[in-house]
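Thanks for making time for this one.

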Amino acid sequence: MEKEGTGKQRMDLSDEEEKSRRLKLEEALEIQSLRRIISAYLNYPDAAEEDVSRYERSFRKLSPAHKALLSHYPQKFQRLRRCIALNSHFIFSMLQAFEPPLDMSGDIDLCRDAHPEHGQRDHFVSEGNNACPCESSPLRITCSVSDQHACAEGSNDTCRSSAPVHGNEEANIECHHNSNTGSNMHNGEIREYCGTAINDFNSNISSCHQWLEPSLKLNVPLVDVDKVRCIIRNIVRDWTSEGKKERDQCYKPILEELNRLFPNRHKDSPPACLVPGAGLGRLALEISCLGFVSQGNEFSYYMMICSSFILNHTQTVDEWTIYPWIHSNCNSLSDNDQLRPVSFPDIHPASAGIMEGFSMCAGDFVEVYSDSSHVGAWDAVVTCFFIDTAHNIVEYIEIISQILKDGGVWINFGPLLYHFADMYGQEDEMSIELSLEDVKRVALHYGFELEKETTVETTYTTNPRSMMQNRYFAAFWTMRKKSAAAHQQVPC
(Lines give C-alpha, C1' and ligand atoms only; values in the text may rest on other atoms or scores of the structure.)
Protein backbone atom coordinates (compact mmCIF):
# COMPACT_ATOMS: atom_id res chain seq x y z
CA MET A 1 0.00 0.00 0.00
CA GLU A 2 2.89 2.31 0.85
CA LYS A 3 4.49 1.78 -2.54
CA GLU A 4 1.14 2.40 -4.22
CA GLY A 5 0.71 5.69 -2.33
CA THR A 6 4.26 6.77 -3.15
CA GLY A 7 3.64 6.08 -6.82
CA LYS A 8 0.47 8.19 -6.78
CA GLN A 9 2.30 11.04 -5.06
CA ARG A 10 4.99 10.92 -7.73
CA MET A 11 2.33 11.01 -10.43
CA ASP A 12 0.60 14.00 -8.80
CA LEU A 13 3.96 15.76 -8.46
CA SER A 14 4.73 15.03 -12.11
CA ASP A 15 1.35 16.43 -13.18
CA GLU A 16 1.94 19.58 -11.13
CA GLU A 17 5.40 20.03 -12.63
CA GLU A 18 3.99 19.59 -16.13
CA LYS A 19 1.23 22.10 -15.43
CA SER A 20 3.75 24.57 -14.02
CA ARG A 21 6.05 24.11 -17.00
CA ARG A 22 3.14 24.64 -19.40
CA LEU A 23 2.01 27.81 -17.63
CA LYS A 24 5.54 29.23 -17.70
CA LEU A 25 5.78 28.50 -21.40
CA GLU A 26 2.42 30.13 -22.06
CA GLU A 27 3.47 33.21 -20.13
CA ALA A 28 6.79 33.36 -22.02
CA LEU A 29 4.88 33.21 -25.32
CA GLU A 30 2.51 35.94 -24.13
CA ILE A 31 5.46 38.14 -23.16
CA GLN A 32 7.06 37.42 -26.54
CA SER A 33 3.88 38.38 -28.37
CA LEU A 34 3.38 41.56 -26.34
CA ARG A 35 7.03 42.54 -26.70
CA ARG A 36 6.76 42.15 -30.46
CA ILE A 37 3.71 44.43 -30.54
CA ILE A 38 5.43 47.05 -28.38
CA SER A 39 8.50 46.77 -30.64
CA ALA A 40 6.33 47.44 -33.68
CA TYR A 41 5.24 50.71 -32.06
CA LEU A 42 8.84 51.54 -31.14
CA ASN A 43 9.99 50.81 -34.70
CA TYR A 44 7.43 53.19 -36.22
CA PRO A 45 9.68 56.30 -36.45
CA ASP A 46 12.63 54.44 -37.96
CA ALA A 47 10.43 52.73 -40.55
CA ALA A 48 8.75 56.04 -41.43
CA GLU A 49 12.14 57.78 -41.68
CA GLU A 50 13.32 55.05 -44.06
CA ASP A 51 10.32 55.80 -46.28
CA VAL A 52 11.29 59.48 -46.44
CA SER A 53 14.90 58.55 -47.17
CA ARG A 54 13.67 56.39 -50.02
CA TYR A 55 11.67 59.33 -51.42
CA GLU A 56 14.83 61.46 -51.23
CA ARG A 57 16.93 58.85 -53.03
CA SER A 58 14.40 58.78 -55.86
CA PHE A 59 14.36 62.57 -56.03
CA ARG A 60 18.17 62.72 -56.28
CA LYS A 61 18.05 60.50 -59.36
CA LEU A 62 16.10 63.12 -61.29
CA SER A 63 17.77 65.31 -63.89
CA PRO A 64 18.41 68.96 -62.91
CA ALA A 65 15.56 70.07 -65.18
CA HIS A 66 13.09 67.69 -63.53
CA LYS A 67 14.30 68.64 -60.06
CA ALA A 68 13.65 72.28 -60.89
CA LEU A 69 10.00 71.41 -61.61
CA LEU A 70 9.75 69.84 -58.15
CA SER A 71 11.79 72.36 -56.20
CA HIS A 72 9.32 72.19 -53.30
CA TYR A 73 10.07 68.50 -52.67
CA PRO A 74 12.97 68.97 -50.21
CA GLN A 75 10.67 71.14 -48.10
CA LYS A 76 7.95 68.46 -48.30
CA PHE A 77 10.41 65.85 -47.02
CA GLN A 78 11.15 68.01 -43.99
CA ARG A 79 7.44 68.53 -43.40
CA LEU A 80 7.01 64.75 -43.50
CA ARG A 81 9.69 64.37 -40.85
CA ARG A 82 7.91 66.85 -38.58
CA CYS A 83 4.67 64.89 -39.03
CA ILE A 84 6.46 61.62 -38.22
CA ALA A 85 7.91 63.27 -35.11
CA LEU A 86 4.49 64.30 -33.85
CA ASN A 87 3.02 60.86 -34.55
CA SER A 88 5.96 59.37 -32.65
CA HIS A 89 5.40 61.75 -29.75
CA PHE A 90 1.87 60.41 -29.38
CA ILE A 91 3.01 56.78 -29.70
CA PHE A 92 5.69 57.09 -27.03
CA SER A 93 3.38 58.96 -24.67
CA MET A 94 0.84 56.16 -25.14
CA LEU A 95 3.45 53.48 -24.43
CA GLN A 96 4.62 55.29 -21.29
CA ALA A 97 1.04 55.21 -19.96
CA PHE A 98 0.67 51.50 -20.72
CA GLU A 99 1.10 49.10 -17.81
CA PRO A 100 1.81 45.58 -19.15
CA PRO A 101 -0.24 42.85 -17.45
CA LEU A 102 2.86 40.63 -17.35
CA ASP A 103 6.37 41.14 -16.03
CA MET A 104 8.27 42.33 -19.09
CA SER A 105 11.60 42.36 -17.25
CA GLY A 106 11.90 38.58 -17.06
CA ASP A 107 14.17 36.35 -19.13
CA ILE A 108 14.53 38.39 -22.30
CA ASP A 109 16.04 35.45 -24.17
CA LEU A 110 12.65 33.77 -24.04
CA CYS A 111 11.16 36.78 -25.76
CA ARG A 112 13.60 37.23 -28.57
CA ASP A 113 12.40 35.80 -31.86
CA ALA A 114 15.16 35.12 -34.36
CA HIS A 115 12.48 34.78 -37.04
CA PRO A 116 9.84 37.40 -36.29
CA GLU A 117 8.04 36.66 -39.52
CA HIS A 118 7.04 33.36 -37.93
CA GLY A 119 5.85 34.97 -34.71
CA GLN A 120 2.39 35.30 -33.26
CA ARG A 121 -0.22 37.00 -35.36
CA ASP A 122 -2.50 39.87 -34.49
CA HIS A 123 -5.29 40.66 -36.92
CA PHE A 124 -7.51 43.66 -37.10
CA VAL A 125 -9.28 45.63 -39.74
CA SER A 126 -7.42 47.82 -42.19
CA GLU A 127 -8.46 49.65 -45.31
CA GLY A 128 -8.90 47.65 -48.49
CA ASN A 129 -8.44 44.24 -46.95
CA ASN A 130 -9.88 44.32 -43.47
CA ALA A 131 -7.38 41.82 -42.16
CA CYS A 132 -3.82 42.09 -40.97
CA PRO A 133 -1.94 38.82 -41.22
CA CYS A 134 -0.86 38.47 -37.61
CA GLU A 135 -2.55 37.90 -34.28
CA SER A 136 -1.17 37.88 -30.77
CA SER A 137 -1.48 35.27 -28.08
CA PRO A 138 -4.78 36.01 -26.37
CA LEU A 139 -4.24 37.79 -23.07
CA ARG A 140 -7.34 38.83 -21.21
CA ILE A 141 -7.60 42.15 -19.43
CA THR A 142 -10.56 44.27 -18.54
CA CYS A 143 -10.39 48.02 -18.39
CA SER A 144 -13.20 50.49 -17.82
CA VAL A 145 -13.76 54.22 -17.70
CA SER A 146 -15.75 56.00 -15.03
CA ASP A 147 -17.12 59.52 -14.73
CA GLN A 148 -14.13 60.25 -12.50
CA HIS A 149 -11.78 59.62 -15.43
CA ALA A 150 -10.56 56.40 -13.86
CA CYS A 151 -11.32 52.70 -13.81
CA ALA A 152 -10.87 52.26 -10.08
CA GLU A 153 -13.40 53.42 -7.56
CA GLY A 154 -12.27 56.20 -5.27
CA SER A 155 -9.32 57.28 -7.42
CA ASN A 156 -9.04 60.05 -9.95
CA ASP A 157 -5.70 59.06 -11.43
CA THR A 158 -5.61 55.29 -11.35
CA CYS A 159 -6.94 52.70 -13.74
CA ARG A 160 -7.35 49.20 -12.35
CA SER A 161 -8.36 46.04 -14.09
CA SER A 162 -8.41 42.40 -13.24
CA ALA A 163 -6.58 40.09 -15.59
CA PRO A 164 -7.14 36.34 -15.40
CA VAL A 165 -3.74 35.31 -16.68
CA HIS A 166 -3.97 31.58 -16.17
CA GLY A 167 -7.17 29.92 -15.14
CA ASN A 168 -8.37 31.46 -11.88
CA GLU A 169 -5.16 33.36 -11.18
CA GLU A 170 -5.86 37.09 -11.18
CA ALA A 171 -3.45 40.00 -11.41
CA ASN A 172 -4.39 43.62 -10.78
CA ILE A 173 -3.19 46.03 -13.43
CA GLU A 174 -2.66 49.57 -12.27
CA CYS A 175 -2.00 52.38 -14.75
CA HIS A 176 -0.93 55.61 -13.07
CA HIS A 177 -1.83 58.61 -15.16
CA ASN A 178 0.87 61.19 -15.66
CA SER A 179 -0.06 64.51 -17.18
CA ASN A 180 1.46 65.21 -20.58
CA THR A 181 1.54 68.13 -22.91
CA GLY A 182 -0.49 66.59 -25.69
CA SER A 183 0.91 67.46 -29.09
CA ASN A 184 2.39 70.85 -28.14
CA MET A 185 6.08 70.41 -28.84
CA HIS A 186 8.79 72.93 -29.56
CA ASN A 187 11.01 72.46 -32.58
CA GLY A 188 13.81 71.08 -30.43
CA GLU A 189 11.47 68.48 -29.02
CA ILE A 190 10.31 67.57 -32.51
CA ARG A 191 13.85 66.88 -33.61
CA GLU A 192 14.30 64.73 -30.53
CA TYR A 193 11.71 62.28 -31.86
CA CYS A 194 13.18 61.94 -35.34
CA GLY A 195 15.23 58.97 -36.45
CA THR A 196 17.80 57.50 -34.08
CA ALA A 197 17.44 60.41 -31.65
CA ILE A 198 14.50 58.51 -30.21
CA ASN A 199 17.07 56.57 -28.21
CA ASP A 200 17.54 59.75 -26.17
CA PHE A 201 13.86 59.66 -25.32
CA ASN A 202 14.06 56.04 -24.24
CA SER A 203 17.11 56.67 -22.09
CA ASN A 204 15.03 59.04 -19.95
CA ILE A 205 12.19 56.66 -19.24
CA SER A 206 11.28 55.98 -15.64
CA SER A 207 12.39 52.85 -13.84
CA CYS A 208 8.88 51.40 -13.97
CA HIS A 209 9.03 51.40 -17.78
CA GLN A 210 12.33 49.60 -18.30
CA TRP A 211 10.62 47.34 -20.84
CA LEU A 212 10.73 50.36 -23.20
CA GLU A 213 14.53 50.42 -23.21
CA PRO A 214 16.08 50.38 -26.72
CA SER A 215 18.05 47.22 -25.85
CA LEU A 216 14.76 45.34 -25.48
CA LYS A 217 13.35 46.53 -28.79
CA LEU A 218 13.04 43.70 -31.30
CA ASN A 219 13.56 44.04 -35.03
CA VAL A 220 10.12 43.25 -36.42
CA PRO A 221 8.96 42.79 -40.01
CA LEU A 222 7.52 45.83 -41.77
CA VAL A 223 4.07 44.22 -41.76
CA ASP A 224 4.06 44.74 -37.97
CA VAL A 225 4.88 48.43 -38.32
CA ASP A 226 2.12 48.68 -40.91
CA LYS A 227 -0.31 47.62 -38.19
CA VAL A 228 0.76 50.70 -36.23
CA ARG A 229 -0.16 52.79 -39.26
CA CYS A 230 -3.51 50.96 -39.34
CA ILE A 231 -4.05 51.97 -35.71
CA ILE A 232 -3.40 55.61 -36.59
CA ARG A 233 -6.07 55.40 -39.30
CA ASN A 234 -8.44 53.71 -36.86
CA ILE A 235 -8.00 56.64 -34.48
CA VAL A 236 -9.39 58.86 -37.24
CA ARG A 237 -12.39 56.55 -37.71
CA ASP A 238 -13.30 56.27 -34.02
CA TRP A 239 -12.13 59.43 -32.29
CA THR A 240 -12.01 62.41 -34.66
CA SER A 241 -14.45 64.82 -36.26
CA GLU A 242 -13.10 63.73 -39.64
CA GLY A 243 -14.24 60.17 -38.90
CA LYS A 244 -17.81 61.20 -38.09
CA LYS A 245 -19.07 60.39 -41.58
CA GLU A 246 -17.89 56.78 -41.31
CA ARG A 247 -19.25 56.49 -37.78
CA ASP A 248 -22.60 57.81 -38.95
CA GLN A 249 -22.64 55.19 -41.70
CA CYS A 250 -21.75 52.28 -39.39
CA TYR A 251 -22.44 53.12 -35.76
CA LYS A 252 -25.47 55.39 -36.05
CA PRO A 253 -27.81 52.71 -37.52
CA ILE A 254 -26.73 50.32 -34.73
CA LEU A 255 -27.34 52.90 -32.00
CA GLU A 256 -30.73 53.81 -33.45
CA GLU A 257 -31.70 50.14 -33.59
CA LEU A 258 -30.67 49.56 -29.96
CA ASN A 259 -32.65 52.61 -28.93
CA ARG A 260 -35.71 51.27 -30.77
CA LEU A 261 -35.42 47.74 -29.37
CA PHE A 262 -34.83 48.82 -25.75
CA PRO A 263 -37.07 51.88 -25.27
CA ASN A 264 -37.57 51.53 -21.52
CA ARG A 265 -34.08 51.48 -20.07
CA HIS A 266 -33.66 52.03 -16.34
CA LYS A 267 -30.48 52.91 -14.48
CA ASP A 268 -31.27 50.44 -11.72
CA SER A 269 -31.47 47.50 -14.17
CA PRO A 270 -29.89 48.52 -17.50
CA PRO A 271 -29.71 46.01 -20.37
CA ALA A 272 -26.31 44.41 -21.00
CA CYS A 273 -24.72 44.69 -24.43
CA LEU A 274 -21.54 42.98 -25.67
CA VAL A 275 -19.49 44.42 -28.56
CA PRO A 276 -16.99 41.82 -29.89
CA GLY A 277 -14.28 43.26 -32.12
CA ALA A 278 -14.61 46.63 -30.37
CA GLY A 279 -11.42 48.07 -31.87
CA LEU A 280 -10.61 51.42 -30.25
CA GLY A 281 -13.80 51.36 -28.20
CA ARG A 282 -15.94 54.20 -29.60
CA LEU A 283 -19.00 52.07 -30.46
CA ALA A 284 -18.92 50.33 -27.07
CA LEU A 285 -18.68 53.74 -25.37
CA GLU A 286 -21.59 55.17 -27.41
CA ILE A 287 -23.71 52.15 -26.44
CA SER A 288 -22.85 52.77 -22.79
CA CYS A 289 -23.92 56.39 -23.17
CA LEU A 290 -27.31 55.15 -24.40
CA GLY A 291 -27.88 53.53 -21.02
CA PHE A 292 -26.52 50.00 -21.47
CA VAL A 293 -24.02 48.07 -19.41
CA SER A 294 -21.62 47.83 -22.32
CA GLN A 295 -18.54 45.66 -22.69
CA GLY A 296 -16.18 45.82 -25.64
CA ASN A 297 -14.10 42.77 -26.47
CA GLU A 298 -10.94 43.09 -28.54
CA PHE A 299 -8.35 40.51 -29.54
CA SER A 300 -5.67 42.85 -30.90
CA TYR A 301 -3.21 44.23 -28.37
CA TYR A 302 -2.32 46.92 -30.90
CA MET A 303 -5.90 48.12 -30.47
CA MET A 304 -6.09 47.60 -26.72
CA ILE A 305 -2.96 49.62 -25.91
CA CYS A 306 -4.32 52.55 -27.90
CA SER A 307 -7.95 52.32 -26.74
CA SER A 308 -6.86 52.15 -23.09
CA PHE A 309 -4.83 55.34 -23.56
CA ILE A 310 -7.67 57.23 -25.24
CA LEU A 311 -10.34 56.04 -22.82
CA ASN A 312 -8.36 56.46 -19.61
CA HIS A 313 -5.62 59.03 -20.18
CA THR A 314 -6.95 61.77 -22.45
CA GLN A 315 -7.89 64.88 -20.48
CA THR A 316 -9.47 67.27 -22.98
CA VAL A 317 -11.15 67.35 -26.38
CA ASP A 318 -8.65 67.49 -29.30
CA GLU A 319 -5.74 67.08 -26.90
CA TRP A 320 -3.60 65.21 -29.43
CA THR A 321 -2.71 65.83 -33.06
CA ILE A 322 -1.59 63.18 -35.54
CA TYR A 323 -0.90 63.04 -39.26
CA PRO A 324 -2.63 59.85 -40.41
CA TRP A 325 -2.30 60.13 -44.18
CA ILE A 326 1.44 60.76 -44.55
CA HIS A 327 2.39 57.14 -45.20
CA SER A 328 1.23 57.01 -48.81
CA ASN A 329 1.94 59.38 -51.69
CA CYS A 330 -0.71 57.75 -53.86
CA ASN A 331 -4.08 59.28 -54.78
CA SER A 332 -3.42 62.58 -53.01
CA LEU A 333 -5.13 65.71 -54.30
CA SER A 334 -2.36 67.90 -52.88
CA ASP A 335 0.55 67.84 -50.44
CA ASN A 336 -1.52 69.83 -47.99
CA ASP A 337 -4.22 67.17 -48.08
CA GLN A 338 -1.69 64.42 -47.49
CA LEU A 339 0.02 66.26 -44.65
CA ARG A 340 -3.06 67.68 -42.94
CA PRO A 341 -3.34 67.27 -39.16
CA VAL A 342 -6.19 65.51 -37.39
CA SER A 343 -6.94 66.15 -33.71
CA PHE A 344 -8.47 63.75 -31.23
CA PRO A 345 -10.44 62.81 -29.24
CA ASP A 346 -13.45 64.69 -30.57
CA ILE A 347 -15.18 63.98 -27.24
CA HIS A 348 -13.73 63.53 -23.76
CA PRO A 349 -14.51 59.87 -22.99
CA ALA A 350 -14.74 60.28 -19.22
CA SER A 351 -17.21 63.16 -19.63
CA ALA A 352 -19.37 61.50 -22.28
CA GLY A 353 -22.05 60.25 -19.87
CA ILE A 354 -21.17 56.56 -19.80
CA MET A 355 -23.09 54.06 -17.67
CA GLU A 356 -21.49 52.43 -14.67
CA GLY A 357 -20.08 49.06 -15.72
CA PHE A 358 -18.59 50.09 -19.06
CA SER A 359 -15.50 47.96 -19.74
CA MET A 360 -13.10 46.67 -22.38
CA CYS A 361 -12.00 43.04 -22.23
CA ALA A 362 -8.96 41.81 -24.16
CA GLY A 363 -8.90 38.25 -25.42
CA ASP A 364 -10.08 35.87 -28.10
CA PHE A 365 -13.87 36.04 -28.44
CA VAL A 366 -14.24 32.25 -28.57
CA GLU A 367 -11.97 31.61 -25.58
CA VAL A 368 -13.44 34.32 -23.37
CA TYR A 369 -17.16 34.00 -24.10
CA SER A 370 -17.47 30.24 -24.45
CA ASP A 371 -17.06 30.17 -20.67
CA SER A 372 -20.20 28.97 -18.87
CA SER A 373 -20.42 32.22 -16.89
CA HIS A 374 -21.55 34.02 -20.06
CA VAL A 375 -24.37 31.62 -21.00
CA GLY A 376 -27.62 33.62 -21.24
CA ALA A 377 -25.92 36.68 -19.74
CA TRP A 378 -26.42 39.31 -22.46
CA ASP A 379 -29.49 41.18 -23.66
CA ALA A 380 -27.79 42.25 -26.89
CA VAL A 381 -24.71 41.43 -28.94
CA VAL A 382 -23.51 43.98 -31.48
CA THR A 383 -21.02 42.89 -34.15
CA CYS A 384 -19.65 45.60 -36.43
CA PHE A 385 -17.06 44.53 -39.04
CA PHE A 386 -16.45 41.47 -36.87
CA ILE A 387 -17.98 38.15 -37.93
CA ASP A 388 -15.61 37.76 -40.90
CA THR A 389 -12.63 37.74 -38.52
CA ALA A 390 -13.47 34.15 -37.60
CA HIS A 391 -11.56 31.01 -38.43
CA ASN A 392 -14.93 29.31 -38.08
CA ILE A 393 -17.90 31.65 -38.42
CA VAL A 394 -20.27 28.85 -37.41
CA GLU A 395 -18.59 28.81 -33.99
CA TYR A 396 -19.02 32.58 -33.68
CA ILE A 397 -22.75 32.29 -34.37
CA GLU A 398 -23.10 29.39 -31.94
CA ILE A 399 -21.43 31.36 -29.14
CA ILE A 400 -23.47 34.50 -29.85
CA SER A 401 -26.60 32.35 -29.50
CA GLN A 402 -25.33 30.77 -26.26
CA ILE A 403 -24.51 34.04 -24.52
CA LEU A 404 -27.76 35.81 -25.41
CA LYS A 405 -30.78 35.59 -23.16
CA ASP A 406 -33.95 34.14 -24.64
CA GLY A 407 -35.47 37.03 -26.56
CA GLY A 408 -32.08 38.78 -26.78
CA VAL A 409 -31.04 40.50 -29.99
CA TRP A 410 -28.05 40.20 -32.30
CA ILE A 411 -27.37 43.31 -34.37
CA ASN A 412 -24.77 42.82 -37.11
CA PHE A 413 -23.16 45.30 -39.48
CA GLY A 414 -20.39 44.50 -41.94
CA PRO A 415 -19.13 42.60 -44.99
CA LEU A 416 -17.89 39.04 -45.34
CA LEU A 417 -14.25 39.72 -46.20
CA TYR A 418 -12.92 36.65 -44.42
CA HIS A 419 -9.61 37.45 -42.75
CA PHE A 420 -8.04 34.05 -43.23
CA ALA A 421 -9.27 33.44 -46.78
CA ASP A 422 -5.94 34.23 -48.44
CA MET A 423 -3.45 32.77 -45.99
CA TYR A 424 -1.41 30.98 -48.66
CA GLY A 425 1.35 28.66 -47.57
CA GLN A 426 -0.13 27.98 -44.16
CA GLU A 427 -1.75 24.57 -44.52
CA ASP A 428 -3.11 24.44 -40.98
CA GLU A 429 -4.85 27.83 -41.16
CA MET A 430 -8.56 27.07 -40.88
CA SER A 431 -10.95 29.36 -42.73
CA ILE A 432 -14.68 28.68 -43.13
CA GLU A 433 -16.03 31.17 -45.68
CA LEU A 434 -19.82 31.14 -45.89
CA SER A 435 -22.07 33.13 -48.20
CA LEU A 436 -24.49 35.57 -46.61
CA GLU A 437 -27.29 33.10 -47.37
CA ASP A 438 -25.47 30.34 -45.48
CA VAL A 439 -24.68 32.65 -42.56
CA LYS A 440 -28.39 33.35 -42.12
CA ARG A 441 -29.25 29.66 -42.45
CA VAL A 442 -26.75 28.76 -39.72
CA ALA A 443 -28.17 31.52 -37.52
CA LEU A 444 -31.64 30.03 -37.98
CA HIS A 445 -30.30 26.65 -36.85
CA TYR A 446 -29.03 28.22 -33.61
CA GLY A 447 -32.41 29.67 -32.75
CA PHE A 448 -32.30 33.09 -34.38
CA GLU A 449 -35.20 34.74 -36.11
CA LEU A 450 -34.52 37.48 -38.67
CA GLU A 451 -36.45 40.64 -37.80
CA LYS A 452 -34.83 43.27 -39.98
CA GLU A 453 -32.32 43.28 -42.83
CA THR A 454 -30.88 45.84 -45.22
CA THR A 455 -27.65 46.77 -47.01
CA VAL A 456 -25.63 49.89 -46.16
CA GLU A 457 -22.88 51.37 -48.32
CA THR A 458 -19.89 52.41 -46.24
CA THR A 459 -16.10 52.76 -46.06
CA TYR A 460 -13.56 51.63 -43.46
CA THR A 461 -10.66 53.81 -42.27
CA THR A 462 -10.68 55.53 -45.66
CA ASN A 463 -9.07 58.89 -46.28
CA PRO A 464 -12.14 60.96 -47.22
CA ARG A 465 -10.03 63.17 -49.52
CA SER A 466 -8.30 60.33 -51.34
CA MET A 467 -8.78 59.79 -55.07
CA MET A 468 -9.41 56.12 -54.30
CA GLN A 469 -12.26 55.03 -52.02
CA ASN A 470 -12.85 51.39 -51.08
CA ARG A 471 -16.55 50.84 -50.42
CA TYR A 472 -18.43 48.00 -48.80
CA PHE A 473 -22.06 47.06 -49.19
CA ALA A 474 -22.41 45.94 -45.61
CA ALA A 475 -25.09 43.56 -44.38
CA PHE A 476 -27.08 45.14 -41.57
CA TRP A 477 -29.51 42.96 -39.69
CA THR A 478 -31.33 42.42 -36.43
CA MET A 479 -31.97 38.85 -35.29
CA ARG A 480 -33.75 37.75 -32.14
CA LYS A 481 -33.00 34.60 -30.19
CA LYS A 482 -36.16 32.57 -29.72
CA SER A 483 -36.88 30.88 -26.43
CA ALA A 484 -35.62 27.34 -26.09
CA ALA A 485 -39.18 25.97 -26.15
CA ALA A 486 -40.07 27.89 -29.32
CA HIS A 487 -36.80 26.84 -31.00
CA GLN A 488 -37.47 23.15 -30.27
CA GLN A 489 -40.78 23.39 -32.06
CA VAL A 490 -39.15 24.60 -35.27
CA PRO A 491 -37.56 21.79 -37.36
CA CYS A 492 -33.99 22.63 -38.44
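Before the packing itself, a word on geometry: axes here are lines fitted to C-alpha atoms, for helices over the stretch in contact, and angles run from 0 to 180 degrees between N-to-C directions. Helices (H or I, at least four residues) and strands (E, at least two) are DSSP runs, numbered from the N terminus. This is a predicted model, in which local features need pLDDT of at least 70 and side-chain atom pairs count only at pLDDT 80 or more, while totals for chains, interfaces and linings use all residues. Residues are numbered from 1 along each chain as its sequence is written, and side-chain values use heavy atoms, with hydrogens and water left out.

Take helix α7 (residues 222-239) and helix α8 (residues 244-261), which pack at an angle of about 70 degrees with their axes 7 Å apart. The two are therefore roughly perpendicular, a label covering 65 to 115 degrees. Contact, meaning heavy atoms within 4.5 Å, joins Val236, Arg237, Asp238 and Trp239 of α7 to Glu246, Arg247, Cys250 and Tyr251 of α8. By class, this contact has 4 nonpolar, no polar and 4 charged residues, where Ala, Val, Leu, Ile, Met, Phe, Trp, Tyr, Cys and Pro count as nonpolar, Asp, Glu, Lys and Arg as charged, and the others, Gly among them, as polar.

Now turn to helix α3 (residues 73-97) and helix α10 (residues 301-313), whose axes lie 9 Å apart at an angle of about 80 degrees. On the α3 side the contact is made by Phe90, Ser93, Met94, Leu95 and Ala97, and on the α10 side by Ile305, Cys306, Phe309 and His313. The class count here is 7 nonpolar, 2 polar and no charged residues.

What about the interior? A nonpolar core is a set of buried Ala, Val, Leu, Ile, Met, Phe, Trp, Tyr and Cys residues joined through side-chain atoms within 4.5 Å, with buried meaning under 20% relative accessible area (1.4 Å probe, protein chains only). In the largest such core, of 83 residues, Tyr41, Phe90, Leu258 and Ile305 touch the most other members, and helix α1 (residues 2-60) gives the most to this core, with 13 residues. Leaving aside neighbours within four places in sequence, Tyr41 is in contact with residues including Met94, Leu95, Ile305 and Cys306.

Finally, Ala380, in strand β10 (residues 378-384), counts as buried at 0% relative accessibility.

Notes: Angles under 35 degrees count as roughly parallel, over 145 as roughly antiparallel, 65 to 115 as roughly perpendicular and the rest as oblique. Buried means under 20% relative accessible area, exposed over 50%, partly exposed in between (1.4 Å probe, protein chains only).
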